Amino acid sequence: MRTSTGTAGAVSRAASRPASRAALTPTRTTLTSTFAAALAVALLASGCEQAGPGAGRTAPADLGRIRLVSYDGCDDMLAGLRAAAARNVGPWGLGPPQIMYMDARADTAAPRAKTAAPEHSTTNVHEAGADEPDLVKTDGKRVIVVNRGVLRVVDAATRKVTGTLKLVDGDQNWAPADLLVSGDRALVLFSGGGGIPFGAIAKRAPGSGPRYVLVDLAGKPTVTGTLTASGSHLDARMTGSTVRIVVRSQPEIAFPDPGPDLTDAERIRRNRDVVAKAPAGAWLPAFETTDAAGRTTKGTVGCERISHPDEYTGTSMLTVYSVDLAAGAKGIAAPDPISVAADGDTVYGTASSLYVTSNPRMLWPRPVEPPVEDAPSATPATPAAPVPPVESTTPAKPAVPGPGTATPANTAQAPRDEPTPSERPAVTAEPTGTAQAPRDEPTPSEPVPVPPTATDETAPGTAAPETTPVLPPEETEIHRFDIGAPGAPRYVASGKVPGRLLNQYSLSEYEGHLRVATTSADLSDPAAGERDSSSAVYVLDARTLGKVGEVGGLGRGERIYSVRFIGPVGYVVTFRQVDPLYTLDLRDPKAPRATGELKITGYSAYLHPAGDGRLIGIGQEASERGRTLGTQVSLFDVSDPAAPRLLSRMFAKDSGSEAEWDPHAFLYWPATGAAVVPLNSWSGERPTGGALVLRIDDSSVTRTGTVTHPRPGGRGDARFAYDPGIRRSVVIGDDLWTVSDLGLKVSALDGLADRGWIPFD
């Protein structure tokens, strides 16, 4: 028997990210060609007209506002879900072979004591008032860290560990986890299958769904309750003391294996018969809570608490669980779940709204075809120092030279093994071994023809008439919930826009409107790739999610690499071979417009506001043909929306930073202009990791030093000892705390002198 787990597979988060290039690539791993081919077939089988061989074409997107309605009861729900799932079942069930991918995600911790805490930083989050899970939290008096299944509480004044709580069994310490903290309670989110609770191996099998553990921090850290949900963890947000957790689940339907001799058409027919007999319980999201005494309560989301859009696939369900940390003295109360018969992949939250979005066509965004790289030089590269970057000077002119001109001093110099602009670089047909354009997405193979299937017009086992497959439209569905009051969210509206999102920073709610930045491409011609792609920003009415205005035509032949909305202004970075930074005037929601554009080499994968018309960019420098060269930190002057300028740039050859794909890794402390960027270099004999400390003022980015953590001793050649890459940094008073998988280091914020080392024993 086969149990369908759907197309996305299980969500997994790396427990520790090694200091290798692969670990620094954005979140999702590359599919094997076999899985990619299976994925393409399944997508066409589930979302397109049944057809024989032939090139695909894209169905036009109907962007009329969609709505969410409740079922009339369990019978109505079951009939609707069965019918929708039957239309989307394929020869593998409700999806292709299970595919694992990594996910990574991360705000403020509530004050603990009545006495004033030292000034301190908080998690770098998207929106104020919407805390995001991360692996470290601080209230200025404590540093709370979850690492390899162990929660530790460190007193900031004495730099001593005051509490340790082992949350998973020893052989489960890989289980990825994050934290949310409110006062003296922490919620530990085990997103990658939940792990096995410490001391309870026989009670629960691993991989049965995400697990959320409530911990009392008032004295010795103690578990007071848990919540386990069926499905895979998407994300969570905390407003006040209430955490909203978004989980994606799929129907638990066992499809019999008929053997290798049946055609795909017959397999689909049999699978439809199985779906038609599946009980309501196959779709109802299940959950389980335990209290401080270990008593267990099981439940499912009631039919009356499940809604659906006008159109849906019946293959997935989104559930939002609400957990109030302030009411958790005796455990997790009823999590008050509500569900939507829809899919989801991105969560965005504000202090009053929770948005969940999905692209029905793809499980994740497709990247634009990678740029053609420069051919490697015959001269071997000169080994670079592990971390120190090349410092740039303040530019006289921000413009980037065109081909055949000399490179000005204001831009980062290409490594010595790169062709000079005056040389005609050789071009290879295949990319070289160096990493190319953003690595946050797999590159699936092009869609393949759908096998003939049985339909109402054809007898089982006979081929359907050959027609041209129609790809589902390239569009993003958006569901908004009101979370302004405690308890379960209240559904507000649904809508959709053309194209696909990059991440949550592609969304921004401002003064009653939602701004959405997407990249669109017509994939009907597989040979063309996405050379005809372009990006746009849509402005929606937050009450209805109906479109109010749009500005398009951004970065033709490119895709979005980063987005930041700051009040009535937007910034969009697209990239293929050069990086256009677009500035957008969004003051008039009905008539948004692009006001300025800056073209420079490389790209920014994350944009951070620095006040006074300044914008910080973290990303990769690249050659003029788009070959990535190493981490760059840029300072932009955006005070004149019509003429954005590059003021200064820091470049570290052959390196990458977790901050490129996870903004929680970036620290900016405006009080002193300090910025901390985790940096891993692979230019020497082995990868090395540390934290690059910068000073960013009104006109320049300068390097002030590097923090590294002690390496553990080990057998064999010390050159190959594990390198503890630094992942996070926190400011408390005049101390800089850095976090790796091996421990916490305390350094002087001014000068970086060592002040303490707290190992994770």
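This is a predicted model: local features need pLDDT of at least 70, side-chain atom pairs count only at pLDDT 80 or more; totals for chains, interfaces and linings use all residues.
Q: Which residues of helix α4 are buried?

A: An α-helix has 3.6 residues a turn, so residues three or four places apart point the same way. In this model, the buried residues of α4 are A265, E266, R267, I268, N271, V274 and V275. The helix covers residues 264-277, 14 residues in total. From first C-alpha to last, α4 reaches 20 Å, close to the 20 Å expected at 1.5 Å a residue.

Q: Which residues point one way from strand β11, and which the other way?

A: In a regular strand the side chains alternate between the two faces of the sheet. Here R185, L187 and L189 point one way from β11, while A186, V188 and F190 point the other way. Each set is buried, and the strand, residues 185-190, is mostly covered, with 6 of its 6 residues buried.

Q: Which strands are joined to β11 by bridges?

A: Strand β10 (residues 177-182) runs antiparallel to β11 and is joined to it by 6 bridges; L179 has V188 as its bridge partner in β11. These two strands form a hairpin with 2 residues between them, and G183 in the turn has a positive phi of about 60°. Strand β12 (residues 211-216) is also antiparallel to β11, again with 6 bridges, and its L214 stands opposite L187.

Notes. Residues are numbered from 1 along each chain as its sequence is written. Side-chain values use heavy atoms; hydrogens and water are left out. Helices (H or I, at least four residues) and strands (E, at least two) are DSSP runs, numbered from the N terminus. The expected span of a helix is 1.5 Å times one less than its number of residues. Buried means under 20% relative accessible area, exposed over 50%, partly exposed in between (1.4 Å probe, protein chains only). Two strands pair if DSSP finds at least two bridges between them.
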